[in-house]
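Please walk through the following model from its overall fold down to single residues, keeping the sequence and the coordinates side by side.

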Amino acid sequence: MPNRNQKIHDALGDRCLVFVGMMGSGKTAIGRLVAAAIGIPFYDSDQEIVTAANMDIPEIFERHGEGYFRAGEERVIQRLLSEGPSVISLGGGAFLSEATRAAIEDRGMSIWLKADLDLLMSRVMRRPGTRPLLKTADPRATMAALMETREPVYGKADIHVPSSSISKNHTRDAALAAIAEQLGIVEPDGDEDGQ
Ligand code: S3P
């Protein structure tokens with residue numbers, strides 16, 4: 001493992017790295033890559049809820065409503081945070097919960113993966129029907145409205161990382177560099193790649 005990633009691993013202790021941001025920002029893909037780089041487990045809060053409920057997310061929303069989903073989401077995240085260290089990718093609405101933000105502040109570090117509307121839409125349109133909040137007459141307008149209300153909250157995250165349209169590895173490396181900086185890990189000269 002590159003030296004810098006080993007240092008991140010050691011400095012984290014039992015805390016968690018928590019990816020937040022809009023649907024389609026790449027939280028799951030990047031979270032998984034960051035976890036592999038550091039050598040700690042990866043969890044996706046949506047996947048944990050789906051496994052526990054034995055239903056997919058549209059079905060949970062349809063049968064039980066959003067409030068039920070949000071309550072389950074809070075519980076799952078509290079549990080994952082108490083079982084660190086790990087990388088956890090949250091569903092897009094999870095960081096809106098004050099209780100969840102407080103728990104993350106206590107037990108981890110939050111990373112906002114930031115992407116513009118075009119990039120988000122191009123990604124969510126690859127899997128239509130999987131996000132109940134976008135089942136509207138105009139999903140793009142819905143996404144824009146959600147961004148407007150949510151971005152100030154995502155802005156409270158410890159770290160902000162642009163979600164690159166270039167490649168996943170590019171975003172992973174930007175996230176690792178920002179995490180190292182936040183943890184006070186100084187890279188020696190000529191060691192930009194953390195090798
Ligand atoms: C949601 C985002 C989804 C999922 C649910 C609600 C949201 O997760 O939790 O559909 O409120 O933005 P992703 O951000 O992984 O798509």
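How many helices and strands does the chain have? The chain has 9 helices and 5 strands, where helices (H or I, at least four residues) and strands (E, at least two) are DSSP runs numbered from the N terminus. Read from the N terminus on, these elements follow the order α-β-α-β-α-α-α-β-α-β-α-α-β-α. The radius of gyration of the chain, taken over C-alpha atoms, is 17 Å, close to the 16 Å that the globule rule (2.2 Å times the number of residues to the power 0.38) gives for 195 residues, so the chain is as compact as a globular protein of that length. Along the principal axes, the C-alpha atoms fill a box of roughly 55 × 35 × 25 Å.

This is a predicted model, in which local features need pLDDT of at least 70 and side-chain atom pairs count only at pLDDT 80 or more, whereas totals for chains, interfaces and linings use all residues. Residues are numbered from 1 along each chain as its sequence is written, and side-chain values use heavy atoms, with hydrogens and water left out.

We turn next to the ligand. At G92, a polar backbone atom is 2.8 Å from an oxygen atom of the ligand. The protein covers 94% of the 390 Å² of accessible area that the ligand has on its own, as computed by the Shrake-Rupley method with a 1.4 Å probe.

Some local details of the backbone remain. S82 is found in helix α5 (residues 66-82), and its side chain reaches the backbone oxygen of R79 at 2.7 Å. In the loop between α5 and β3 (86-89) lies P85, and the peptide bond from G84 to P85 is cis, with omega near 10°. N54, in the loop between α3 (45-53) and α4 (57-64), has a phi near 55°, a positive value in a residue other than glycine. Most residues other than glycine have a negative phi, and most peptide bonds are trans.

How values were computed: A polar contact is a pair of N or O atoms within 3.5 Å; within protein, one must be able to donate a hydrogen and the other to accept it, and residues adjacent in sequence count only if both atoms are side-chain atoms.
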